[in-house]
Each structure stands twice: as C-alpha cells, then as structure tokens.
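Trainee: I have not seen this structure before. Could you take me through it, one question at a time?

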Amino acid sequence: MTLFRRLDEKHPLTGRLALGVEYDGSQYCGWQRLRDIPSVQASLEAALSRIAGKPVSVHCSGRTDSGVHATRQVIHFDPPVLRSEKAWVFGTNANLPKDIAIRWVKPVSDEFHARFMALARRYRYLILNQPSRPVMERAQVTWCRDYLDADAMHRAAQALVGENDFTSFRAAGCQSTSPWRHLHFIEVKRHGPLLAIDVQGNAFLHHMIRNIAGALIRVGRGEQDEDYLARLLALKDRTLGDVTAPPEGLHFVDCIYDPVWGLPREPLGPVLLAHLGEWSGDRALPNCRMSSLRRGAAQAEASDDKAADDTQRDVS
C-alpha cells in the first residue's frame with residue numbers, strides 16, 4: 001500500500017466496511033464507550049453518524065484502556081447509506097477531534113469481523129531512558145531516569161514466549177474467563193535513549209502488557225535478576241506480581257488478519273520508531289489452534305472466540 005494515493009470520490013462503497021484508525025488516548029477513558037466519559041468509540045461513532053446522517057455502531061479489533069494509544073486500530077461497521085471512499089475518510093476526519101483520525105477504508109465481505117477474525121495483536125511499549133524528563137514526547141512514552149539494561153530485559157522476557165497462564169500479569173479486576181494466552185514474541189531493544197518493548201500475541205489480558213513492562217523495568221534497573229519473569233509466571237498469583245507501568249508508553253501498533261481479507265498494509269507505529277522501517281505483517285505467525293481456525297475462515301466459531309480470544313481491555 002502506498003501512503004500517497006488519491007481517494008475515490010465518485011463511486012459509493014457498498015457492504016460492510018473496515019477502517020484503520022489512529023488515536024492519541026491521553027484524553028480518553030479508553031476505546032470502549034462509557035456513559036458521560038469521553039471515549040474513542042463514542043467520538044468515532046458520532047463522526048461517522050454525521051457523515052451517514054443516521055446512527056452508526058462500530059466494532060473494534062481490540063479494546064484499549066485509559067491513556068493508551070493506537071496507530072492501527074481496525075474496526076468494521078455496516079453503513080446505513082452509501083458514501084464514497086473520500087467521504088468516509090476525509091469527511092469523518094473533518095468531524096473528529098484532532099487526536100483521532102481514520103487512515104483508510106476498505107470494503108469487506110459480511111463475514112469479516114474486526115475482533116473475531118484477528119489472528120494476532122501487536123503492541124509497543126516505549127520507555128524514554130534519560131536523566132531529564134521528556135518534553136516533546138511526554139504523552140507518548142514512559143520516562144525512566146535510571147539506566148536500564150535492555151539486553152537483560154530482553155533475555156528475561158523470553159520466559160513468557162509461548163502459551164502460558166498469565167495470572168501473575170493480569171489485573172485484579174480482569175474479567176477474562178481464562179488466564180491463558182499465546183505470546184508469539186517479545187523483544188526489548190534500545191534505540192539511543194528510547195527502549196521499545198515489542199510484543200505480539202493472540203490476545204492480552206487486562207493490564208497484561210503494562211504489568212510485564214513494570215516487571216521488566218525492575219530487571220533493567222538491576223533490582224531483580226533475569227529469572228524474575230520466569231518466577232512470576234510460575235507463581236500464577238497477581239498479588240505477588242510487580243507494579244503496573246504507566247499507560248502513556250503503550251501503543252497498539254498492529255492487528256494481523258489473513259491476507260484473504262485484503263486489508264491495507266502500513267508502516268508500524270508510532271512515528272517515534274518510523275526509522276526502523278518495519279511494515280506490518282512481515283513476521284510469520286506461530287502455528288496454534290486459534291490461528292488455524294481463523295486463517296481464511298468465513299467466520300470464527302463462537303466457542304473458540306470465547307475461549308481463545310476473550311479479548312479484554314488490553315492494556316492499561
């Protein structure tokens with residue numbers, strides 16, 4: 001997909017539509033619509049409804065929590081009227097606040113579901129590791145003034161890869177029916193003063209990534225050894241876990257689908273890491289039951305959706 005393409009304004013799009021959405025979550029309670037509290041979902045539905053002239057309801061690939069950002073949130077909706085590609089993108093963006101934007105729109109079949117067709121979700125947790133507090137990046141990173149050993153953090157994190165019981169890394173109020181998740185990979189790399197915890201899995205428990213980040217920071221500071229994450233995982237007890245890292249460093253950067261759906265490919269965000277030049281979907285997915293069921297399937301089995309992809313408000 002080229003980043004510079006003329007949007008069609010002559011031909012109305014028909015059927016179900018998928019949208020790519022980016023947002024700065026600093027001013028929102030999270031993705032999910034809540035009464036009397038600003039949310040990304042409510043803002044997006046209001047803007048789409050103005051373009052449609054009728055109420056619009058949307059479904060997302062994975063809910064994010066208060067203060068968490070997204071550079072590739074994928075949603076779908078069934079438009080009540082016909083509008084062109086340009087109208088849905090430019091028109092909706094004109095009615096959105098400045099911290100939310102639609103990046104693309106794509107017609108999909110009625111069997112597509114943004115959540116139930118997702119094969120994987122990917123997040124990046126950014127830590128600015130320098131003595132002075134951040135200014136330009138303050139809403140996009142977590143600041144740590146103490147030196148962090150990124151290599152030690154990376155080695156410690158490898159204990160989490162694979163299908164595991166992540167009870168020690170879930171929020172106390174997590175409503176998921178199962179603590180089991182399949183972590184595809186987790187990498188910790190330093191780019192100058194910026195550390196990136198890059199993690200992908202089939203789905204995530206409430207606060208799971210931020211709890212992992214909090215534990216890894218302890219390792220990076222030298223307060224815990226490299227076996228710390230493995231010990232926490234084995235305990236299966238959140239009360240013995242570590243602190244929850246702040247939300248502002250967390251970014252939802254990719255949601256992966258089978259190529260059969262034809263969704264656009266984009267550079268991975270956030271822009272702070274654009275110099276890496278990595279595009280979404282470049283990594284092979286591990287073989288697992290959920291991916292096998294969903295890859296190329298017309299629709300996911302309802303029972304598997306609940307057991308293998310009980311997608312909670314991911315991250316905060």
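**Helix contacts**

Mentor: Helix α3 (residues 150-157) and helix α4 (residues 208-221) pack with their axes 8 Å apart, at an angle of about 135°. Axes here are lines fitted to C-alpha atoms, for helices over the stretch in contact, and angles run from 0 to 180 degrees between N-to-C directions. This is a predicted model: local features need pLDDT of at least 70, side-chain atom pairs count only at pLDDT 80 or more, and totals for chains, interfaces and linings use all residues. Residues are numbered from 1 along each chain as its sequence is written, and side-chain values use heavy atoms, leaving out hydrogens and water.

Trainee: How are helices and strands defined here?

Mentor: They are DSSP runs, numbered from the N terminus. Helices are H or I, at least four residues; strands are E, at least two.

Trainee: Which word describes how α3 and α4 lie to each other?

Mentor: The angle is about 135°. Under 35 degrees counts as roughly parallel, over 145 as roughly antiparallel, 65 to 115 as roughly perpendicular and the rest as oblique. Therefore α3 and α4 are oblique.

Trainee: Which residues of α4 make the contact with α3?

Mentor: Contact means heavy atoms within 4.5 Å. From α3 come Ala152, Met153, Ala156 and Ala157. From α4 come Leu216, Ile217, Val219 and Gly220.

Trainee: How many residues of that contact are nonpolar?

Mentor: Ala, Val, Leu, Ile, Met, Phe, Trp, Tyr, Cys and Pro count as nonpolar, Asp, Glu, Lys and Arg as charged, and the others, Gly among them, as polar. In the contact of α3 with α4, no residue is charged and 1 is polar. The nonpolar residues number 7.

Trainee: Which residues of helix α5 touch α4?

Mentor: The axes of α4 and α5 (residues 228-235) cross at roughly 145° and come within 10 Å. On the α4 side are Ala215, Leu216, Arg218 and Val219. On the α5 side are Tyr228, Leu229 and Leu232.

Trainee: Now the strands. Is β12 buried or exposed?

Mentor: Buried means under 20% relative accessible area, exposed over 50%, partly exposed in between (1.4 Å probe, protein chains only). Strand β12 covers residues 250-256. Of its 7 residues, 7 are buried.

Trainee: Which strand pairs with β12 in the antiparallel sense?

Mentor: Two strands pair if DSSP finds at least two bridges between them. Strand β4 (residues 69-77) runs parallel to β12, with 2 bridges. Over 6 bridges, β12 has an antiparallel partner in β7 (residues 120-129).

Trainee: Which residue in the turn between β10 and β11 has a positive phi?

Mentor: Strands β10 and β11 run antiparallel and share 8 bridges. They form a hairpin with 2 residues between them. The phi is about 65°, and the residue is glycine 192.

Trainee: Where is asparagine 202, and what is its relative accessible area?

Mentor: Asparagine 202 sits in the loop between β11 (194-201) and α4. Its C-alpha atom is 6.1 Å from that of leucine 119, 83 residues apart along the chain. Asparagine 202 counts as buried because its relative accessible area is 6%.

Trainee: Which residues does serine 84 contact, leaving aside its neighbours within four places in sequence?

Mentor: Serine 84 lies in strand β5 (residues 83-84). Serine 84 is buried because its relative accessibility is 10%. Its contacts are Asp8, Glu9, Lys10, His11, Pro12 and Leu13.
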